[in-house]
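Please read the following walk through the model with the sequence and the structure side by side.

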Amino acid sequence: MDPHSARQHRPNHAPSARRGERAWAETAIRRIEADSHRSADTHVHRVPLPRAWGVDVYLKDESTHRTGSLKHRLARSLFLFALVNGWIREGTTVVEASSGSTAVSEAYFARLIGVPFTAVMTKGTSREKIALIEQYGGTCHFVEQAGEVYAEAGRLAQECGGHYLDQFTYAERATDWRGNNNIAETIFDQLALEAHPVPRWIVVGAGTGGTSTTIGRYVRYRTLPTELAVVDPENSAFYPSWESGSPAEGGASRIEGIGRPRLEPSFNPGIVDRMFRVPDAASVAAMRDLAERFGFDAGPSTGTNLWAVWQLVAEMVAVGERGSIVTLMCDGGARYRRSYGDGAWLTAHGLDPAPHQAVLEDFFATGRWRA
């Protein structure tokens with residue numbers, strides 16, 4: 001039996017039951033679409049850099065979604081995808097393998113349509129994210145290692161006759177990469193009146209790989225010259241898989257929300273123009289620097305993005321290239337006050353941002369990258 005959707009193998013073929021299931025799904029879809037329609041898109045902020053550099057950097061602030069992160073988009077798409085496929089029905093228990101933010105957003109949508117939700121995650125997930133999942137009515141189920149979440153989520157779904165959403169498989173197919181107000185289309189729409197409306201680079205991290213795949217496909221479909229850069233934390237399998245051209249194994253990521261122990265099905269290395277492996281402590285340094293220098297309170301995966309962004313800026317400045325770079329503010333810093341925002345926690349986890357902060361200080365003083 002497919003652990004993703006145990007319920008879909010036991011359909012009720014009685015006409016009245018089928019009509020009832022269809023009516024319930026239509027109501028659920030309308031609720032999700034109405035929720036989206038009530039919301040404007042997320043802001044794009046221009047980060048002030050020296051005018052002489054000739055490079056504009058923009059942050060698309062995904063923390064302003066109702067559930068506080070980029071994963072709000074993915075969760076909405078996954079629920080709609082499961083509903084139109086008949087995988088979620090009235091009373092279906094929805095199960096997900098998640099490091100936190102996706103589960104927060106999925107708990108919100110599960111409550112919106114009135115179905116139970118269980119998140120399978122590692123015990124090291126931040127307490128703030130656990131509290132948010134429970135606040136939205138979800139249940140948390142813990143495993144020891146990141147690599148255990150997949151099988152355990154499938155087992156729970158099968159055991160209760162529920163549906164395993166499986167963001168790591170379905171992220172790239174649940175979102176329409178050709179447009180339909182996806183994140184790539186909104187970025188280009190929002191930059192239309194800027195000095196450099198077609199970015200030289202878009203920089204994103206990879207958790208499922210769905211966002212990078214959507215953006216990569218979109219710029220190719222629209223025949224745009226924008227290049228896609230993907231950042232990856234220490235130990236993750238994405239960078240070595242991209243570098244070698246074949247699936248590689250990794251380990252647990254210390255940067256919540258990005259990096260995976262295996263090459264996920266939704267990640268498409270073939271459409272990534274460049275990858276950066278970012279030291280975990282550098283992600284923390286860039287996260288802190290963003291708050292102190294520019295006043296944007298973001299989580300550590302945004303810091304990972306920025307570590308690559310500043311290198312790309314320095315490269316453009318060095319050759320006199322003018323243009324723009326866009327990256328994502330994936331979520332807010334409030335979710336990490338007792339982890340990445342706590343000096344004692346960083347020390348306990350062997351993360352010292354100080355040497356990387358010195359690199360950033362030099363960069364902003366000179367426009368050169370000397371790491």
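Cys160 counts as partly exposed because its relative accessibility is 43%, where buried means under 20% relative accessible area, exposed means over 50% and partly exposed lies in between, calculated with a 1.4 Å probe on protein chains only. This is a predicted model, in which local features need pLDDT of at least 70 and side-chain atom pairs count only at pLDDT 80 or more, while totals for chains, interfaces and linings use all residues. Residues are numbered from 1 along each chain as its sequence is written, and side-chain values use heavy atoms, with hydrogens and water left out.

If a disulfide is taken as a pair of cysteine sulfur atoms within 2.5 Å, the count comes to zero disulfides. Cys140 is in no disulfide, and the nearest cysteine sulfur, which belongs to Cys160, is 15 Å away. Cys160 likewise takes part in no disulfide, its nearest cysteine sulfur being that of Cys140, 15 Å away. Cys140 is buried, with a relative accessible area of 15%.

The next stop is a pair of helices. Helices here are DSSP runs of H or I with at least four residues, strands are runs of E with at least two, and both are numbered from the N terminus. Two packed helices are described by the angle between their axes and by the distance between the axes. Helix 2, residues 71-84, and helix 6, residues 167-174, pack at an angle of about 85 degrees, and their axes are 9 Å apart; the axes are lines fitted to C-alpha atoms, for helices over the stretch in contact, and the angles run from 0 to 180 degrees between N-to-C directions. That makes helix 2 roughly perpendicular to helix 6, given that angles of 65 to 115 degrees count as roughly perpendicular, those under 35 as roughly parallel, those over 145 as roughly antiparallel and the rest as oblique. On the side of helix 2 the contact is made by Lys71, Leu74, Ser77, Leu78 and Phe81, and on the side of helix 6 by Gln167, Tyr170, Ala171, Arg173 and Ala174, where contact means heavy atoms within 4.5 Å. The residues of this contact divide into six nonpolar, two polar and two charged, with Ala, Val, Leu, Ile, Met, Phe, Trp, Tyr, Cys and Pro counted as nonpolar, Asp, Glu, Lys and Arg as charged, and the others, Gly among them, as polar.

What does the UniProt annotation say about Lys71? The unreviewed entry carries the annotation "modified residue: N6-(pyridoxal phosphate)lysine", which covers Lys71; UniProt positions are given in the numbering used here, feature names are shortened, and annotations may be inferred rather than shown by experiment. Lys71 has its place in helix 2 and counts as buried at 12% relative accessibility. Leaving aside neighbours within four places in sequence, Lys71 is in contact with Ser101, Thr102, Ser105, Gln167, Thr208 and Gly257.

On either side of helix 6 there are loop residues to look at. Asp166 lies in the loop between strand 6 (163-164) and helix 6, where its phi is near 55 degrees, a positive value in a residue other than glycine, and at 4% relative accessibility Asp166 counts as buried. Thr175 is found in the loop between helix 6 and helix 7 (183-190); Thr175 is buried, with a relative accessible area of 18%, and its contacts, apart from neighbours within four places in sequence, are Ser77, Asn182 and Thr214.

Helix 7 is largely enclosed by the rest of the structure, because six of its eight residues are buried. Those buried in helix 7 are Ile183, Ala184, Glu185, Thr186, Ile187 and Phe188, and the buried residues of helix 7 pack against strand 2 (55-61), helix 2, strand 7 (201-205), helix 8 (210-221) and strand 10 (323-329).

Finally, consider a residue whose contacts reach along the chain. Asp289 is found in helix 10, residues 280-294, and is buried, with a relative accessible area of 3%. The C-alpha atoms of Asp289 and Glu361 are separated by 9.0 Å, although these residues are 72 residues apart along the chain. With neighbours within four places in sequence left aside, Asp289 is in contact with Phe294, Gln357, Leu360, Glu361 and Phe364.
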